[in-house]
Amino acid sequence: ILFVVQMLCRSVAWKVEAYSKDKKDIQNAEFVLQCWEDMSHTPQDFISEALKMLDYGFSIFEIVYKKRDDSNSNFPDGKIGWRKFATRSQDSLDTWTFDDEGGISGFNQWVQGSTSSVFIPIEKLLLFRTSSYKNNPEGVSVLRKCYRSWYLKKHIEDVEAIDIVRWGVWLGRLS
């Protein structure tokens with residue numbers, strides 16, 4: 001089911017609409033669409049990564065910017081655009097940091113090969129989560145309710161396999 005949801009979301013034609021018919025709003029909408037299409041990864045790849053929130057309850061991305069010039073952009077106008085939305089693995093999460101009012105101020109990410117973590121402020125992040133209940137940044141996995149059934153099925157299969165092996169040994173001794 002998760003694969004089907006991912007493929008359906010990847011196939012959606014995304015568009016950007018201007019806030020109004022004002023020339024400035026139309027230009028802003030065109031700029032956002034250019035930035036969206038000018039990243040180092042495809043929009044479909046980003047959507048696939050964002051949908052990992054279904055598995056884990058949340059997905060985190062760090063916004064990486066670039067200056068749009070001749071060497072790295074299809075729109076070399078000198079403006080600042082998005083280079084990519086860099087995935088920050090759920091496994092690399094050390095701790096969340098909250099402000100005095102209980103809002104999310106960022107998170108600390110473990111750096112591979114290091115003994116310390118790096119703080120990334122919420123202003124540089126895109127956070128997708130399945131639920132915002134009690135402002136929990138980690139949401140809830142859609143697979144949570146499946147765990148008990150999976151656990152029982154797995155252990156019953158293990159017990160049955162052991163039983164089959166024991167019966168095989170016992171039957172082997174009879175012959």
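Which residue in β4 does Thr-97 stand opposite? Thr-97 faces Gly-106 there. Keep in mind as you look around that this is a predicted model.

**The sheet**

Let's stay with those strands for a moment. Strands of a sheet pair through backbone hydrogen bonds, either parallel or antiparallel. Here you're looking at an open sheet of three strands, in the order β3-β4-β5, and the pairing is antiparallel. At the edges sit β3 (93-98) and β5 (117-121), each pairing on one side only. Going from one strand to the next, the twist averages 25°. As for β3 and β4 (residues 104-110), their antiparallel pairing runs over five bridges.

**Two helices that pack**

Now for the helices. Two packed helices are described by the angle between their axes and the distance between the axes. For α1 (residues 2-10) and α3 (residues 43-50), the angle is about 150° and the axes are 9 Å apart. Their crossing is right-handed. So who touches whom? On the α1 side you'll find Gln-6, Cys-9 and Arg-10, and they meet Gln-44, Asp-45, Ile-47 and Ser-48 of α3.

**Salt bridges**

How many salt bridges does the structure hold? There are eight, and the table lists some of them.

| Salt bridge | Closest N to O |
|---|---|
| Arg-68 and Asp-77 | 2.5 Å |
| Glu-157 and Lys-153 | 2.8 Å |

Are the two buried or exposed? Both Glu-62 and Arg-88 are buried.

Next comes Arg-68 with its partner Asp-77. Arg-68 counts as buried because its relative accessibility is 1%, while Asp-77, at 37%, counts as partly exposed.

Then there's Glu-157 with Lys-153. These two are four residues apart in helix α5 (residues 147-174), which means that about one helical turn separates them. Glu-157 is partly exposed, with a relative accessible area of 39%.

One last thing to look for: salt bridges that share partners join Glu-62, Arg-88 and Lys-124 into one network.

Terms used:
Residues are numbered from 1 along each chain as its sequence is written. This is a predicted model: local features need pLDDT of at least 70, side-chain atom pairs count only at pLDDT 80 or more; totals for chains, interfaces and linings use all residues. Side-chain values use heavy atoms; hydrogens and water are left out. Axes are lines fitted to C-alpha atoms, for helices over the stretch in contact, and angles run from 0 to 180 degrees between N-to-C directions. A crossing is left-handed if the near helix is turned anticlockwise from the far one by less than a right angle, and right-handed if clockwise. Contact means heavy atoms within 4.5 Å. Two strands pair if DSSP finds at least two bridges between them. A salt bridge is a side-chain nitrogen of Lys or Arg within 4 Å of a carboxyl oxygen of Asp or Glu. Buried means under 20% relative accessible area, exposed over 50%, partly exposed in between (1.4 Å probe, protein chains only).
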